[in-house]
Amino acid sequence: MKKLMIYAVMASLFCVAMPMQMSAATNANPSSTIPSASQSLEAKALQTRLDEIKQIDKSTLTPAAKKQLRKETRSIKKQLKELGGGVYLSAGAIVLIVVLLIILL
């Protein structure tokens with residue numbers, strides 16, 4: 001029984017740790033964190049502005065203008081993250097919660 005408990009704890013730890021590591025490696029597109037289905041008008045306007053900034057020819061800009069665009073891009077991405085909000089649970093975390101509830105109850 002003791003070994004079974006140790007195996008269950010190890011399996012749950014792997015279920016929680018592996019998805020986090022895998023998602024960190026696959027998040028190459030930072031715009032994927034933008035809310036998709038329930039976008040508000042403000043989120044759509046911010047996304048449009050980000051697309052405009054991406055299309056600007058930055059080779060003709062002065063260093064000060066480039067710095068201003070970087071600051072604006074960072075602030076827009078921060079606002080979009082705040083609008084997206086929410087709590088995300090991986091499948092491993094859900095399994096861990098269920099196992100803990102079964103054990104405790």
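Is Glu72 buried, exposed or partly exposed? In this predicted model, Glu72 has a relative accessibility of 23% and therefore counts as partly exposed, where buried stands for under 20% relative accessible area, exposed for over 50%, and partly exposed for values in between, as computed with a 1.4 Å probe on protein chains only. Because the model is predicted, local features need a pLDDT of at least 70 and side-chain atom pairs count only at pLDDT 80 or more, whereas totals for chains, interfaces and linings use all residues. Side-chain values use heavy atoms, with hydrogens and water left out, and residues are numbered from 1 along each chain as its sequence is written.

The pLDDT, which is the predictor's confidence in each residue on a scale from 0 to 100, averages 78 over the protein, and 72% of the residues score at least 70. Among the elements of the protein, the lowest mean pLDDT, 68, belongs to helix α1 (residues 2-26), and the highest, 90, to α3; helices (H or I, at least four residues) and strands (E, at least two) are DSSP runs numbered from the N terminus.

With a salt bridge taken as a side-chain nitrogen of Lys or Arg within 4 Å of a carboxyl oxygen of Asp or Glu, the count comes to 2 salt bridges. In one of them, Arg49 pairs with Glu72, and the closest N and O atoms are 2.7 Å apart. This pair links distant parts of the chain, since Arg49 lies in helix α2 and Glu72 in helix α3 (residues 63-84), 23 residues apart. Arg49 also forms a salt bridge with Glu52, for which the closest N and O atoms are 3.3 Å apart; Glu52 and Arg49 are 3 residues apart in helix α2 (residues 41-55) and are therefore separated by about one helical turn. Glu52 is partly exposed, at a relative accessible area of 38%, and Arg49 is likewise partly exposed, at 27%.
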